[in-house]
Amino acid sequence: CLPKINDDFVNLHVTRDIDHWRALWGGALDRVDEIVCFSQSSVALIRRAYPGLVHSKITVRPHVALAPPGVYRPNRLPKQVRVGIVGYISPHKGSHVVANLVRTARALGSPIQVVIIGTLLGTASAAQCEQTGTYEPSQLTALLNSHGIDLVLMPSICPETYSFVTHEMIELNVPVLCFDLGAQAEAVSQYRLGKVVPVMDGPELVEQLMLFHQSLIAKEQVVAVV
């Protein structure tokens with residue numbers, strides 16, 4: 001896939017040959033004393049790409065995500081599903097997944113309403129959904145509450161090395177659905193209000209979001225009865 005990628009990181013070097021690329025980086029990694037990864041998922045990826053690395057060089061040292069101030073207060077309604085997309089959503093963060101979700105939900109008459117807590121980039125920004133624009137971290141909880149967010153979708157189509165937004169949502173007890181990729185899936189798979197699904201789009205994603213929402217309502221009803 002390397003020849004098809006044209007973002008800024010790949011453009012740091014002119015080569016589009018994966019063997020040459022890995023030979024250069026492999027040589028650099030052989031000479032360092034320590035390789036710091038922010039998740040076990042990243043360790044697995046780097047070992048797969050560079051199987052000859054000395055494993056003892058690799059240290060897992062996660063970032064520290066501080067809980068945003070305030071208390072998240074869900075207000076789930078059976079006939080309305082407010083899905084939050086949090087952050088600066090570029091193509092590799094899944095901007096086209098979000099735009100397609102908005103179009104598909106509307107076409108199907110789904111109760112899903114997408115709210116961007118942040119910014120949706122590129123051609124996907126034309127998607128007809130609410131966008132708050134740039135926010136300060138101290139405003140995040142208030143924005144989730146004021147927009148009635150029921151759950152958050154992490155639409156990234158690339159493995160994250162560490163997802164600050166995912167950990168912020170976990171700290172706030174916000175339900176999170178993400179794709180089975182990278183550090184975001186590693187964190188969400190261990191979260192009691194998390195759901196990990198295969199990479200999907202369109203009607204499949206609408207269905208999974210609806211099922212997740214229904215499961216959250218069911219859990220709350222059980223807690224209320226107990």
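Student: Why is Cys178 called buried?

Tutor: Let's set its value against the cut-off. In this predicted model, Cys178 has a relative accessible area of 0%. Buried means under 20%, so Cys178 counts as buried.

Student: Which strands pair with E7, and in what sense?

Tutor: Strand E6 (residues 151-154) pairs with E7 in the parallel sense over 3 bridges, and Leu153 stands opposite Leu177. Between E6 and E7 the chain passes through helix H5 (residues 164-171), in a right-handed β-α-β crossover. Strand E8 (residues 194-197) also pairs with E7 in the parallel sense, over 4 bridges. There, Val176 stands opposite Gly194.

Student: What about Cys37: how far is its sulfur from the closest cysteine sulfur?

Tutor: That distance is 17 Å, again to Cys158, and it is too far for a bond. A search of the whole structure finds 0 disulfides. Cys37 is buried, though, because its relative accessibility is 6% and the cut-off is 20%.

Student: Why is the pair of Trp21 and Trp25 called tilted?

Tutor: Their ring centres are 6.5 Å apart, and a pair needs centres within 6.5 Å, so they qualify. Their planes meet at 45°. Under 30 degrees would be stacked and over 60 edge-to-face, so this pair is tilted. Trp21 and Trp25 are 4 residues apart in helix H1 (residues 18-31), about one helical turn.

Student: What makes Trp21 buried but Trp25 partly exposed?

Tutor: Trp21 has a relative accessible area of 17%, while Trp25 has 46%. Buried is under 20% and exposed is over 50%, so Trp25 falls in between.

Student: And what makes Tyr162 and Phe164 an edge-to-face pair?

Tutor: Their centres are 5.1 Å apart, with 70° between the planes. Tyr162 is buried at 10%, and Phe164 is partly exposed at 40%.

Conventions. Residues are numbered from 1 along each chain as its sequence is written. This is a predicted model: local features need pLDDT of at least 70, side-chain atom pairs count only at pLDDT 80 or more; totals for chains, interfaces and linings use all residues. Side-chain values use heavy atoms; hydrogens and water are left out. A disulfide is a pair of cysteine sulfur atoms within 2.5 Å. Buried means under 20% relative accessible area, exposed over 50%, partly exposed in between (1.4 Å probe, protein chains only). Two strands pair if DSSP finds at least two bridges between them. Helices (H or I, at least four residues) and strands (E, at least two) are DSSP runs, numbered from the N terminus. A crossover is right-handed if, with the strands pointing away from the viewer, the path from the first strand over the helix to the second runs clockwise. Rings of Phe, Tyr and Trp (its six-membered ring) pair if their centres lie within 6.5 Å; planes under 30 degrees apart count as stacked, over 60 as edge-to-face and the rest as tilted.
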